[in-house]
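Colleague: I have a model open and would like to learn how to read its features. Could you walk me through it?

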Amino acid sequence: MGEFWPVPDVLAFLAGRWRAERSVRDLASGEAGRFEGTTVFGPLDGGGLLHEESGTFVWRGVPRPAGRTLRFLPGRAPGTADVTFADGRPFHDLDLTSGRHVSGHPCAADLYRGEFTVRDADRWRTVWRVRGPAKDLVLTTDYVREATGCVREAADGYAREA
C-alpha cells in the first residue's frame with residue numbers, strides 16, 4: 001500500500017460519508033463475497049461518532065441487504081478512538097496518528113485482528129483476519145470519501161466538501 005498518511009485526530013478524519021467496498025474471502029472453503037455500500041460517521045450525543053453502514057452483500061451469488069452500527073468514542077489519548085458495538089460492548093481501539101494501527105478483538109473462540117491504514121485525506125482501508133475453530137476469513141474494506149459539493153477547510157485542517 002505504500003506510505004501511510006498520519007491522522008492527528010481520528011474522529012475529525014472519519015466524520016462524514018464514505019463509499020465502502022468490502023471483499024470477504026473464506027480461506028477454508030475458497031468462497032468469496034462482496035459488500036458495496038455507504039458508511040456514514042455522524043455526530044453522537046455526548047461526543048464521538050455514530051458509524052452507520054448500509055449496502056448490499058453478495059454471497060454465493062445471492063445479494064442481500066446488509067448493515068451495521070458502531071460507536072466511535074473519544075479514546076484515552078488525544079486524537080484516538082475507542083470503538084464499541086451499538087449495544088456498548090467494547091470492540092477495539094483506534095489510533096491513526098502514524099497512519100497505521102493494528103488491533104485485536106476476541107469473539108467467543110475466534111480472534112479478530114484488524115489492520116487500519118490511511119492512504120490520504122480521502123482514502124483508508126481495514127483488513128480483518130478472523131481465525132477460530134469455525135472461521136478462517138479475510139475481510140478487506142476500502143473507504144473513499146464521498147463528494148458532497150463545494151470544498152471547505154474544516155477546523156481540523158482537513159479539506160472537506162460541503
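Predicted model: local features only at pLDDT ≥ 70, side-chain atom pairs only at ≥ 80, totals over all residues.

Colleague: How many helices and strands are in the chain?

Modeller: Helices (H or I, at least four residues) and strands (E, at least two) are DSSP runs, numbered from the N terminus. The chain has 1 helix and 12 strands. Reading from the N terminus, the order is α-β-β-β-β-β-β-β-β-β-β-β-β. The radius of gyration is 16 Å, close to the 15 Å from the globule rule for 162 residues, so the chain is as compact as a globular protein of that length. That radius is taken over C-alpha atoms, and the rule is 2.2 Å times the number of residues to the power 0.38. Along its principal axes, the C-alpha trace spans about 45 × 35 × 35 Å.

Colleague: What percentage of the residues in the chain is buried?

Modeller: Buried means under 20% relative accessible area, exposed means over 50%, and partly exposed is in between (1.4 Å probe, protein chains only). Buried residues make up 38% of the 162 residues.

Colleague: And how do I read the contacts in the chain?

Modeller: A contact means heavy atoms within 4.5 Å. Among contacts between residues at least 6 apart in sequence, 37% join residues at least 24 apart.

Colleague: Which strands pair with β5?

Modeller: Two strands pair if DSSP finds at least two bridges between them. Strand β4 (residues 62-74) pairs with β5 in the antiparallel sense over 5 bridges. Strand β6 (residues 90-94) also pairs with β5 in the antiparallel sense, over 4 bridges. Ala81 takes part in both pairings: its bridge partner is Pro74 on one side and Leu94 in β6 on the other pairing.

Colleague: What do the turns of these hairpins look like?

Modeller: The hairpin of β4 and β5 has 6 residues between the strands, and Gly79 there takes a positive phi near 85°. The hairpin of β5 and β6 has 4 residues between its strands, and Gly88 in the turn has a positive phi of about 95°.

Colleague: Which residue other than glycine has a positive phi?

Modeller: Most residues other than glycine have a negative phi. Arg60 has a positive phi, near 55°. Arg60 lies in the loop between β3 (49-59) and β4, and it counts as exposed because its relative accessibility is 62%.

Colleague: Where is Arg76, and is Arg76 exposed or buried?

Modeller: Arg76 sits in the loop between β4 and β5. With 76% relative accessibility, Arg76 counts as exposed.

Colleague: Could we look at another pair of strands? What does β10 pair with?

Modeller: Strand β10 (residues 136-145) pairs with strand β1 (residues 16-26) in the antiparallel sense over 9 bridges, and Ala20 has Tyr143 in β10 as its bridge partner. Strand β9 (residues 123-131) runs antiparallel to β10, joined by 9 bridges. Arg131 stands opposite Asp136 in β10, and the hairpin of β9 and β10 has 4 residues between the strands.

Colleague: What does Arg19 touch?

Modeller: Arg19 is in strand β1 and is partly exposed, with a relative accessible area of 31%. Not counting residues up to four places away in sequence, Arg19 touches Glu36, Gly37, Thr38, Asp142, Tyr143, Val144 and Glu146.

Terms used
Residues numbered from 1 in each chain as written. Heavy atoms only, no water.
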